[in-house]
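Reader: I've got a model open and want to go through its contacts with you. Could you take my questions one by one?

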Amino acid sequence: MANENNEQAIELDNLDTKMASNNIKKLRAYMKPYMGWIILVAFTTFVSSLLAVWSPNLIGDVVDYIAAPFAEENVAAFMQTGYFANIDMDAVWGVGRVLIGIAAAVFVLEFIARFTMTDIAQILSKRLRTDMSAKVDRVPLAYFDSEDTGNTLSRITNDVGTLHRTINEAFIAVISGVIMLITTLVMMFIVNWMMALTALAAGLIGFAFMGITAAKTQKHFKAQQEELGKLTGHVEEVFGAHDVVKTNHAEEFVTRQMIEINDRLYQSSFKGQFAMSVLSSGMGFMMNISTVFVMVVGAVLTFNGTITFGTIAEFLLYVGLFNQSLGSLGEQGMTMQMGVAASNRIFEFLEAEEMANEEHKTGHIEAVKGQVLFDDVKFSYNPEVPIIKNFTAAVGAGRKVAIVGPTGAGKTTIVNLLMRFYELNSGAIMVDGVDIATMKREDVYDLFCMVLQDTWLFEGSVYENIVYNKKGVSYEQVIEVCKAVGIHHYFKSLPDRYDTVLTDKVSLSAGQRQLLTIARAMINDAPLLILDEATSSVDTRTEILIQQAMDKLMVGRTSFVIAHRLSTIKNADMILVMNEGDIIEIGTHDELLEADGFYAGLYNSQFDFGTDEASA
């Protein structure tokens, strides 16, 4: 069993490594348009690193100039003459001016590199967010059936932000660190190979320590990003339904859920950050040990006259740069681990299965009449659990069709299939004799206006919410529609009337929100209408007003109405009674009551229980 677990762990590690490698290639493809600027960043970083490595050599010369008067031969001269040789200040100032020039050049080059890299990281983040936003429109609804919305939001916000920080911080640091590591190592061997080997031994131990730590922490950073997505989803879910939480006294329940998710996030974050702390502390320890050993070896060599004071000062500066670059690479390695985990989640979403391209489809309806035919439709979300079975129905143009049945009967699914939110397993849905599967989705969407039970409003004016994306709609048209649905009197009472911005300070009741979305559907003025429990959130009086307005709206339009309140569909031209994915009864309200079947039972049960709600 232990061997099997080890093999599975190794297989998962290999899979993660392969995925990370593939995602790095994809990231490079994203950065390809900015390759010229990236080369500029690499070049300026390379030059600034070389200049930084040159400085210790010059500082060593300055130390030798200062120490020269105290050399053995000068001490002997002092014994004879009574004074030391003067320090060569011209040489010191000459080297000092060069060091100032190097510092200024490094400042300018680093500024150019960091400014350019920050700009590239911002542009790349913008592109990723734009592509991910566009991806949302291309993935089928089935994706959101299995994926938490908050997790998707976290990919677009948190993961892109993490990747941005990684690119912005790690790219320059890694280039600089690698260049300085190599060049300082070369310079140390040039200065003195014995001290160089001493420093390198500690460096190799640091490299091994860094590699082992990095390999063990990837899973923790991956878990951290996943738990952060779950936390975002939970917060979005609870905040969006805080009234439901309050009314059901579920504060303790959602708080407990929050604590559990937060605890898992803490654990994964702690383990990752702990590894980073161990790496940083361990690298610091190795650096100090390395410096001590180099000082001991340098002292012996200086005592033997093999090297000068300037040489040991120069070498200690190189050791500092070597250790600094090694430590920086270790820290940036951890940062890159977080970036890799974030990029995995980003590209996992970007590569999610999309709806098929439909540019080749030519199906078109010239003048829509509204005849709809369901021909032996079969559909299932899960292949093992059929939802719609052998559904066949013909709806005449301009007819009002009501779809009723218990929960899970397939009512809303029929509407989703009609709108092509999901594709059929078999059969066909035709509008005016044209199979909607041969039409582009946007052309299908143009056939319908919808009013759903779940209302959706955005932060904008009343007018903007009603005309949503509809061009050329006048205020007069909006007012006329609002009068028809019976909400004009409320909007008229707002401070800025139809220009009032809908925010938390402008409170709309559930019924008013529903009336606004109904007004939006009227403005859309599409030839077919879908009402999915549109009157479920309004009172009886408002329901009557809406029903009258809908009757006017439905004249000449084919309408599909899903209603829980069966009393609202008495005047439907056709009622389709569904149960377990099949149509079990078809007829008018009176015909179905007279038949005393399933529909009659549903209708009568509303009054038996003393309510006007449907048995759904």
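Reader: Which residue forms a salt bridge with Arg 155?
Author: A salt bridge here is a side-chain nitrogen of Lys or Arg within 4 Å of a carboxyl oxygen of Asp or Glu. For Arg 155 the closest N and O atoms of the pair are 2.9 Å apart. The partner is Glu 348.

Reader: Before we go on, what kind of model is this?
Author: Residues are numbered from 1 along each chain as its sequence is written, and side-chain values use heavy atoms, with hydrogens and water left out. Local features need pLDDT of at least 70 and side-chain atom pairs count only at pLDDT 80 or more, while totals for chains, interfaces and linings use all residues, as this is a predicted model.

Reader: Back to that pair: how many residues apart are Arg 155 and Glu 348?
Author: Helices (H or I, at least four residues) and strands (E, at least two) are DSSP runs, numbered from the N terminus. Arg 155 sits in helix H6 and Glu 348 in helix H10, so the pair links distant parts of the chain. The separation is 193 residues.

Reader: Is Arg 155 buried or exposed?
Author: The cut-offs are under 20% relative accessible area for buried, over 50% for exposed, and partly exposed in between (1.4 Å probe, protein chains only). Arg 155 has a relative accessible area of 5%, so it is buried.

Reader: Which residue forms a salt bridge with Asp 159?
Author: Asp 159 is in helix H6, which spans residues 149–191. Its closest N and O contact in the bridge is 2.6 Å, and the partner lies in helix H10, 186 residues away. That partner is Arg 345.

Reader: What is the relative accessible area of Arg 345?
Author: Asp 159 has 0% relative accessibility, so it counts as buried. Arg 345 is buried as well, with a value of 6%.

Reader: What distance goes with the polar contact between the side chains of Asp 159 and Arg 345?
Author: A polar contact is a pair of N or O atoms within 3.5 Å; within protein, one must be able to donate a hydrogen and the other to accept it, and residues adjacent in sequence count only if both atoms are side-chain atoms. The side chains of Asp 159 and Arg 345 make such a contact. The distance is 2.6 Å.

Reader: How many salt bridges does the structure hold?
Author: Side chains of opposite charge can pair when their charged atoms come close. One of the bridges joins Arg 138 and Glu 354 at 3.1 Å, N to O. The structure's count is 7.

Reader: Where is Glu 354, the partner of Arg 138?
Author: Arg 138 is in helix H4 (residues 89–138), and the two residues are 216 apart. Arg 138 counts as partly exposed at 35%, and Glu 354 is partly exposed at 32%. Glu 354 is in the loop between H10 and strand E1 (372–379).

Reader: How many aromatic pairs does a search of the whole structure find?
Author: Rings of Phe, Tyr and Trp (its six-membered ring) pair if their centres lie within 6.5 Å; planes under 30 degrees apart count as stacked, over 60 as edge-to-face and the rest as tilted. The search covers the whole structure and finds 9.

Reader: Where do Tyr 30 and Phe 347 lie?
Author: Tyr 30 and Phe 347 are an edge-to-face pair, 5.9 Å centre to centre with 65 degrees between the planes. The pair ties together parts that are 317 residues apart in sequence, because Tyr 30 lies in helix H1 (residues 2–31) and Phe 347 in helix H10 (residues 309–350).

Reader: Is Phe 347 buried or exposed?
Author: Tyr 30 is at 13% relative accessibility, so it counts as buried. Phe 347 is at 3%, so it also counts as buried.

Reader: Which strand does E9 join in the antiparallel sense?
Author: Two strands pair if DSSP finds at least two bridges between them. E9 (residues 574–579) has 5 of its 6 residues buried, and strand E3 (residues 400–404) pairs with it in the parallel sense over 4 bridges. The antiparallel partner, joined by 5 bridges, is strand E10.
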